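Here is a short briefing for a reader new to this structure. The points are grouped by topic.

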Amino acid sequence: MSGRRTFLKKASICVAAAGLLGLGGVQAAEPIRIGSVLSVTGPASFLGDPELKTLQMYVDEINAKGGIDGHKIELIHYDDGSDAKKAVNFVKRLIQRDKVHVIVGGTTSGASLAMIPEAEGAGVPFISLAGSVKIVEPVKKWVFKTPHTDKMAAAKIFEDMRRRGIKKVALISGSGGFDKSGRAESLALAPEYGIEIVADETYNNKDTDMTAQLTRIRATDAEAILNFGFGTGPAIVTKNARQLGIDLPLYQSHGVASKKFIELAGEAAEGVRLPAAALLVAEKLPDNDPQKPVLLAYKRKYEAKYGPVSTFGGHAYDGLFIALEAIDRANSLDRAKIRDEIERTRGFVGTGGVFNMSPEDHLGLDLSAFRMLEIRNGDWVLVE
Amino acid sequence: MLEQLLQFVVTGITVGSTYALVGLGFALIYNASQVVNFAQGEFVMLGAMVAVSIVGAGAPLPVAVLGGVAATTLVGIALEKLAIEPARGASVITTIIITIGASILLRGVALLIWGKDIYALPHFSGEEPIAIGSATVLPQSLWVMGVAAVLVLAVRLFFDRTMLGKAVLACACNRTAAQLVGINVQLMLTLSYALSAMLGAVAGVLVAPIAFTSWDAGVMLGLKGFSAAILGGMGNPMGAVAGGLLLGLIESLGAGLLSSGYKDALAFLIILIVLVVRPSGIFGRAAVERV
């Protein structure tokens, strides 16, 4: 109540001042309204939290510098609590009540897929921050996304295997959504790289021992092991493989791309290869890498304010700036014009890679967006 | 094939030993009060988490292990004093619901203190695998099996040979009669909670180097330990141990010989079959209600 009273008071003072100066007709430029639905709380909060922090940090910074061409940016954000059903309600509110010009968000694949029909129906450009390839395949007119897909991770791994002459691969995967999707993409993609999947084992994400599955794998003629997983599972697989004396090359997915994995798997992690976003090795990239300055700038800014960066916040950075650059090029707040310009994004250097979108490709990243890393002496090493 | 089989069995016994320790904790409290303590899994998690924090503070591993076990034992006593004792006279079901509440509370507190991160304890004696025939086992797994065996034996001797152990059993048998012959029933109950918490915490610190720990690690271990106790017969501590080993073996052989996809389904299927054929568990005595 008191909040409202002060607001009214302020408003009346403003009106009075404007009246006194005879400036009643002058209006500030319409703000750019960016809507966002993120999973800041709930099980997916480790994804949504750095995303929101990233958006807020850059919106505040741009506004402090006067906005874009005099337009301030207004970030309208709702927290779906990691619940896809809530995300649908919030996206309706963003479109109908808040009248946003563009939506950046949708932390999980579930929430993003649920939000798509609303954005498509109302004709609002929507840049998703979730992983599933289904968000942009098949292409939907108003929907784009910035994070790498599990399909790309599988392709990157198979490419590396082909380079090393590996033809027979044992697949092992966890029971979560990420793991299952990664397993399906790997199975589908393997033939394209001339790779035969000779074992297809699974484990439960809360399991404490995978030696039984790995013993089965040891009995096959596999030349390498690929684990798609997240959380403790991959670390246990890595340790168990070493315990069983399996010396085949071990590949992990980008699901383990954090220092925590090295810490948990310890010595057993030596030699493990994985595809990862360049943000993880920003300092180690060669100086002529186009992404290096972008990554270092984002990393320093974020870490100065909030602590260690994650690639998830980076996806929000990419989404925000793809949207803002499109609005800048469109020189208009017309949703259709913004959409067209997002689709014309070329050579945008983000944290996830260099984006080149087209009417056929609403992600715009190629395999160079992933870097193949190997763990040596408890640290990441670029192996390309 | 035979050499694979050996590995499956070794794995099964290792994993089963953990389930056995957790199951033993369930059986202890059930023995003293007919209550299934659903916070048992949280004792496992707490023991490991406290030990991780102590190691993190720079203390040597043995100190951390003892500290984790001691702190968890205190939590077990506090649980009994603050939540179970005030509800004296309440039905068994009510008490079980209290323990469910306690498990949620402990998980929440752990989340507040340690966050969502996953932690590991260092291995007690190195990570170099030991070969047993064609199978390999980690030194830590030997620790798990050895300590489990010692504790199982100690619990057995406690109930069979000591006055205190018999007093606990007497409370379970007939609370009023036990009180009449001068047994401090309340003290025995506190004692069984302390012992259960201690056993859970020991399981937690033993497993943390292999299986890691996090705020919600107790859920799955608690469930498996409960299954072990049910499988063996809830009122029989040695049954819980046998149930744990059996469950570990079923899981490992199921994953190894059949398919890893059916591992958990197989374990639960066997538990269901046992409960249908022998509702009191493999080693349980059929309950006799006297009117």
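A salt bridge here is a side-chain nitrogen of Lys or Arg within 4 Å of a carboxyl oxygen of Asp or Glu. A:Lys260 forms one with B:Asp117, their closest N and O atoms being 3.9 Å apart. This is a predicted model: local features need pLDDT of at least 70, side-chain atom pairs count only at pLDDT 80 or more, and totals for chains, interfaces and linings use all residues. Residues are numbered from 1 along each chain as its sequence is written, chains are lettered from A and ligands numbered from 1 in the order in which they are written, and side-chain values use heavy atoms, with hydrogens and water left out.

**Interface of chain B and chain A**
- Contact means heavy atoms within 4.5 Å. By that rule, 35 residues of chain B touch 26 residues of chain A.
- The size of an interface is often given as the accessible area lost when the parts come together.
- The buried area (accessible area, 1.4 Å probe, lost by two parts on being put together, summed over both) is about 2,600 Å². Carbon and sulfur atoms give 52% of that area.
- In chain B, B:Ile118, B:Phe212 and B:Ser260 lose the most area to chain A, together 21% of what that side buries.

**Polar and charged links**
- The count of salt bridges between chain B and chain A is five.
- The interface also has 13 residue pairs in polar contact, both residues at pLDDT 80 or more. A polar contact is a pair of N or O atoms within 3.5 Å; within protein, one must be able to donate a hydrogen and the other to accept it, and residues adjacent in sequence count only if both atoms are side-chain atoms.

**Backbone of chain A**
- The peptide bond from A:Glu137 to A:Pro138 is cis, with omega near 0°.
- A:Pro138 lies in the loop between strands E4 (126-128) and E5 (143-145). Helices (H or I, at least four residues) and strands (E, at least two) are DSSP runs, numbered from the N terminus.
- A:Lys99 is not a glycine, yet has a positive phi of about 50°.
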